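Good morning, and thank you for joining this group meeting. Please look at the chain on the screen while I describe how its parts are arranged.

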Amino acid sequence: MRSATPWSTVFDEVLLATGETLYMVGVSTLIAVLLGTPVGIWLQLTAPGGLKPRPLAHKVLGFVVDLGRSMPFLVLLVVLTSLTRLLLSTTIGPTAAIVPLAVGAIPFVGRLVQNVLSEVHVSVVEAAVTTGSSTTRIVRSVLLRESLPALVNAIGVTAIALLGYSAMAGVVGGGGLGDLAVREGYQRFNDRYLWSTVAVLAVVATAIQFTSNRVARAVDRRRHASV
């Protein structure tokens, strides 16, 4: 009968895999926010009733965003294999997994940002327009500032979604907790690895949600004004 893996070994490997997962999720979330936020802003500006209505541009960009959001992540992993190899000369490991993770999250962030910006009350935007503020100033000082708490929550939602995607990336050699769960937990029928990775993923997801909620409350100007 096969002896159980010592808990010390399980702990060391889970700790290493957790670091790889946090690296993948952190970098891909940062890239997705930096590139997805302008997409969301442009979607809002060009929408009917926006500051710069462009029906055709809005429809084209919206179609591309929705197409990206609808593509299953495992399919995206395969489709972007050539791009990943071109950029990094490899398709294996946590760094290689960042490419499909970030690309898959950009349209997700773009649509979240558009939805958040569309919730800013129209009277606030109109007041800024009547003062002669430029579009750039309105976006920076009105739309983004007024929606900052919701944007923080949107980043938290994105990070949690990428945490799940990173586990799937592990199935095809991306490393991290997903790779450890499949390789040691599922394929070798080792429950200690399997349930340890599940527990860590749950803890990380909870920590991300807790942090985003706390930060959102901290930057909520309306909440502070009512105190």
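Leaving aside neighbours within four places in sequence, Phe73 is in contact with Pro100, Leu101, Tyr165, Met168 and Ala169, where contact means heavy atoms within 4.5 Å.

Before going further, a word on the source: this is a predicted model, in which local features need pLDDT of at least 70 and side-chain atom pairs count only at pLDDT 80 or more, while totals for chains, interfaces and linings use all residues. Residues are numbered from 1 along each chain as its sequence is written, and side-chain values use heavy atoms, with hydrogens and water left out.

Let us turn to the overall fold. The protein has 11 helices and 0 strands; helices (H or I, at least four residues) and strands (E, at least two) are DSSP runs, numbered from the N terminus. Along its principal axes, the C-alpha trace spans about 80 × 45 × 25 Å. Of the contacts with a separation of 6 or more, 73% are between residues 24 or more positions apart.

Next, the interior. Of the 227 residues, 39% are buried; buried means under 20% relative accessible area, exposed over 50%, and partly exposed in between, with a 1.4 Å probe and protein chains only. Which residues touch the most other members of the largest nonpolar core? They are Ile41, Phe73, Leu101, Val113, Val125 and Leu143, in a core of 33 residues. Such a core is a set of buried Ala, Val, Leu, Ile, Met, Phe, Trp, Tyr and Cys residues joined through side-chain atoms within 4.5 Å. Among the elements giving two or more residues to this core are α1 (7-46), α3 (73-79) and α8 (148-171), and α5 gives the most, with 9 residues. Apart from this core lies another, of 6 residues, including Val10, Val14, Ala17 and Tyr193.

Now to the surface. Leu56, Val60, Phe63, Val64 and Leu67 form a nonpolar patch there, with about 530 Å² of accessible area together. Val64 belongs to helix α2 (residues 55-70) and is partly exposed, at a relative accessible area of 49%.

Finally, the record. The unreviewed UniProt entry annotates residues 22-45, 57-80, 150-173 and 193-212 as "transmembrane region". In the model, residues 150-173 are 92% helix and 0% strand, with end C-alpha atoms 34 Å apart. Residues 193-212 are 100% helix and 0% strand, and their end C-alpha atoms are 29 Å apart.

Notes. Patches are made of residues with over 30% relative accessible area and no salt bridge: like charges are joined within 9 Å, nonpolar side chains (Val, Leu, Ile, Met, Phe, Trp, Tyr) within 5 Å. Accessible areas come from the Shrake-Rupley method with a 1.4 Å probe; for residues, only the protein chains shown count as cover. A salt bridge is a side-chain nitrogen of Lys or Arg within 4 Å of a carboxyl oxygen of Asp or Glu. UniProt positions are given in the numbering used here, feature names are shortened, and annotations may be inferred rather than shown by experiment.
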